[in-house]
Amino acid sequence: MQNRITFSNVIGVLLENKKKTYAQYQMIEDIFYDCLCNMDLFEKDDFEKNVTYSRWCTGDRPIPKEILSFYDNAGFDGIQDNIQDDVIPNLINMPATRKLLLELATDSGDVIGIEKTDEFARITDDAELITALIRYAILNDHDSKHTLLSPDLSDILLSNRLPSANRYFIGRKEELKAVTKALQDHNPVFITGTAGMGKSELVKTYAKKNEKKYTNIIHLFYDGDLKKSVAHMEFNDDTADMSEEMLFDKHMRILKKLHSDSLIIIDNFNVLPKEDAFFKEFVKLNCKILVTSRCNISQYEAKKFLKWMQILSL
């Protein structure tokens with residue numbers, strides 16, 4: 001079975017449901033405006049641009065890697081805003097469009113997996129759904145593994161390095177294998193249990209043994225506010241005159257550039273996910289996220305996050 005989530009198929013659904021007065025070339029320029037206005041492509045004559053856009057829409061040519069790199073660095077929020085403000089108002093029937101888009105995901109279930117299919121289905125905002133599908137489609141067109149490499153933060157991140165693992169930590173081979181398997185199949189992964197069971201040592205040992213696998217390993221010790229934990233990270237170009245909100249925005253822009261070859265550990269997250277207002281947004285990052293918590297994750301949350309309860313005492 002072939003993956004049906006291609007850019008040609010996604011944009012095809014939008015084109016089939018657009019108003020007659022909304023031209024194909026206009027839709028493409030609206031979606032990618034932030035990038036296209038900075039590319040040489042914008043300087044071509046209208047005929048040449050329209051031919052290029054048509055090839056993207058038919059699948060004869062993939063979206064250029066320059067566009068992928070632009071949004072990978074800048075984030076896809078710009079596309080979502082453009083879709084909300086310019087594309088959706090020019091669609092005839094958004095509910096019908098949404099249904100067709102989700103059918104693309106369902107029809108690709110055997111390829112992308114049920115987790116990814118459900119992830120798309122859970123997106124309630126229409127602009128966010130279209131953006132997620134476009135992003136996934138571009139990655140799919142360029143790379144069958146849907147992966148990109150993260151920037152290496154080792155020279156610019158001054159804090160949040162992985163703490164040393166206890167050198168007397170021995171055994172736990174099965175648990176370490178379980179963490180590895182869980183991170184392959186789920187994101188984020190929760191390791192839960194009562195105090196003193198060795199949750200933090202387990203994740204530190206896992207990270208140490210797998211440090212060559214990840215471009216970045218970032219350790220956040222949770223102290224009651226995840227947003228503040230991000231703001232309190234230290235990068236080499238942070239300045240004393242930056243407010244906490246400015247630092248947070250800057251740091252999140254960097255974290256949004258990370259992919260599945262990077263790991264963020266949230267240690268000591270001893271609250272339910274719903275009790276931290278920023279957690280739901282944070283776990284939308286594309287990197288792998290490993291969380292330790294004393295909390296018993298509820299059945300509702302367990303549908304979203306892997307709950308691994310059986311951790312042996314040291």
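Predicted model: local features only at pLDDT ≥ 70, side-chain atom pairs only at ≥ 80, totals over all residues.

**Aromatic pairs**

- The structure holds 14 aromatic pairs, one of which is formed by phenylalanine 32 and tyrosine 71, with the ring centres 6.2 Å apart and an angle of 50° between the planes, so that the pair counts as tilted.
- Phenylalanine 32 sits in the loop between helix 2 (24-31) and helix 3 (33-36), whereas tyrosine 71 belongs to helix 5 (residues 65-74), and the pair therefore ties together parts that are 39 residues apart in sequence.
- Both partners are buried, since phenylalanine 32 has a relative accessible area of 0% and tyrosine 71 has one of 2%, where buried means under 20%.
- Phe32 and Tyr71 also belong to a cluster linked by ring pairs, whose other members are Phe7, Tyr53, Trp56, Phe70 and Phe76.

**Cysteines**

- A disulfide is a covalent bond between the sulfur atoms of two cysteines.
- With sulfur atoms required to lie within 2.5 Å of each other, the count of disulfides in this model comes to zero.
- Cysteine 35 counts as buried at 2% relative accessibility, and cysteine 295 is buried as well, with a relative accessible area of 16%.

**The second largest pocket**

- The second largest pocket contains about 290 Å³ of space, and its lining is made up of 17 residues, of which Arg161, Leu162, Glu211, Asn216 and Ile217 lie nearest its centre.
- Helix 12 and strand 2 (216-221) are the elements that give two or more residues to this lining, and strand 2 gives the most, with three residues.
- Sorted by class, the lining of the second largest pocket has eight nonpolar, five charged and four polar residues.

**Glutamate 201**

- Glutamate 201 lies in helix 12, which covers residues 199-209, and its side chain is joined to that of lysine 204 by a polar contact of 3.0 Å.
- Although glutamate is a charged residue, glutamate 201 counts as buried, because its relative accessibility is 17% and the cut-off for buried is under 20%.

**Valine 189**

- Valine 189 is found in strand 1 (residues 189-192) and is buried, with a relative accessible area of 1%.
- Valine 189 and threonine 292 are 103 residues apart in sequence, while their C-alpha atoms are 8.6 Å apart in space.

Methods. Residues numbered from 1 in each chain as written. Heavy atoms only, no water. Helix = DSSP H or I, 4+ residues; strand = E, 2+ residues; numbered from the N terminus. Buried < 20%, exposed > 50% of the residue type's maximum accessible area, 1.4 Å probe, protein only. Polar contact = N/O pair within 3.5 Å; in protein donor to acceptor, adjacent residues only side chain to side chain. 1 Å grid on protein atoms, 1.4 Å probe; cavity = no way out; pocket = protein on both sides within 12 Å on 5 of 7 lines; lining within 4 Å. Points joined across faces, edges and corners; volume = space filled by probe spheres on them. Phe/Tyr/Trp six-rings, centres within 6.5 Å; stacked < 30°, edge-to-face > 60°.
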